[in-house]
There are 2 protein chains.
Amino acid sequence: MTAMRQLVGEVLRARRMSQGLTLRDVSGKARVSLGYISEVERGQKEPSSELLAALASALDVPLSKVLLDVSSLLEVEEAAEAHIASVSSIARGAVSASAA
Amino acid sequence: MTAMRQLVGEVLRARRMSQGLTLRDVSGKARVSLGYISEVERGQKEPSSELLAALASALDVPLSKVLLDVSSLLEVEEAAEAHIASVSSIARGAVSASAA
């Protein structure tokens, strides 16, 4: 399972790119260091609530929308994991049935 | 604006209570210290992605659903703030019109 912070980073990066903004632009608007934003986007730093709010504001997107996007990505992952677990359980059943 | 971590705490606490679980129950299932969970629920600690995933799992709720609930609460706050900002701007307009 991808850690939530990686999905947060992906969502923030996609928002920034879609607006044609550079890390430097967002760093200036959010008053957060460029290196820190870059680490957050790559899922290497767990951003605090305040930092997330500042980044969302610099990207002109409500924080609720950022979370909604992260939730949607997570939901897809959860569904995929549940599917893999169910397929693997069916496969194990088939293997033990053929071994019996 | 309420910090996101406070809304995360509220959502986790509401989930725990709705299942009739104690902090001790969740602490045992998630293998996270009781004091830490209590601080997270009160919005005093910023939980890491891994901790959030462990708590959601202990509460038998997908992490995507926890985030969706937090997003909904934030959206209500954002709408209320926008409303206050617009009312206050109308009031300022009225005051400067009557002063002119």
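**Exercise 1.** Does α2(B) pass α4(B) in a right-handed or a left-handed crossing, and which residues make the contact?

*Solution.* Keep in mind that this is a predicted model. Start with the geometry: helix α2 (residues 23–30) of chain B packs against helix α4 (residues 49–58) of chain B at an angle of about 115°, and their axes are 9 Å apart. The crossing of α2(B) past α4(B) is right-handed. Next, look at who touches whom: α2(B) brings Val26(B), Lys29(B) and Ala30(B), while α4(B) brings Ala54(B), Leu55(B) and Ala58(B). Sorted by class, five residues of this contact are nonpolar, one is charged and none is polar.

**Exercise 2.** Find which helix of chain A gives the most to the side that touches chain B.

*Solution.* Begin with the totals: 19 residues of chain A are in contact with 19 residues of chain B. On the chain A side, α1 (4–18), α4 (49–58) and α5 (63–99) each supply at least two residues. The most comes from α5(A), with nine residues. By class, this side of chain A has ten nonpolar, four polar and five charged residues.

**Exercise 3.** Work out how α5(A) and α5(B) are oriented to each other.

*Solution.* First take the angle: α5(A) and helix α5 (residues 63–99) of chain B pack at about 165°, with axes 8 Å apart. Angles over 145 degrees count as roughly antiparallel, so α5(A) and α5(B) are roughly antiparallel to each other. Their crossing is left-handed. Now see the contact itself, which includes Leu63(A), Leu67(A) and Glu78(A) from α5(A), and Leu63(B), Leu67(B) and Glu78(B) from α5(B). Its classes are ten nonpolar, four polar and four charged residues.

Methods:
Residues numbered from 1 in each chain as written. Chains lettered and ligands numbered in written order. Predicted model: local features only at pLDDT ≥ 70, side-chain atom pairs only at ≥ 80, totals over all residues. Axes fitted to C-alpha atoms, helices over the stretch in contact; angles between N-to-C directions. Helix = DSSP H or I, 4+ residues; strand = E, 2+ residues; numbered from the N terminus. Left-handed = near helix turned anticlockwise from the far one by under 90°. Contact = placed C-beta atoms within 7 Å. Nonpolar A, V, L, I, M, F, W, Y, C, P; charged D, E, K, R; others polar. Parallel < 35°, antiparallel > 145°, perpendicular 65-115°, else oblique.
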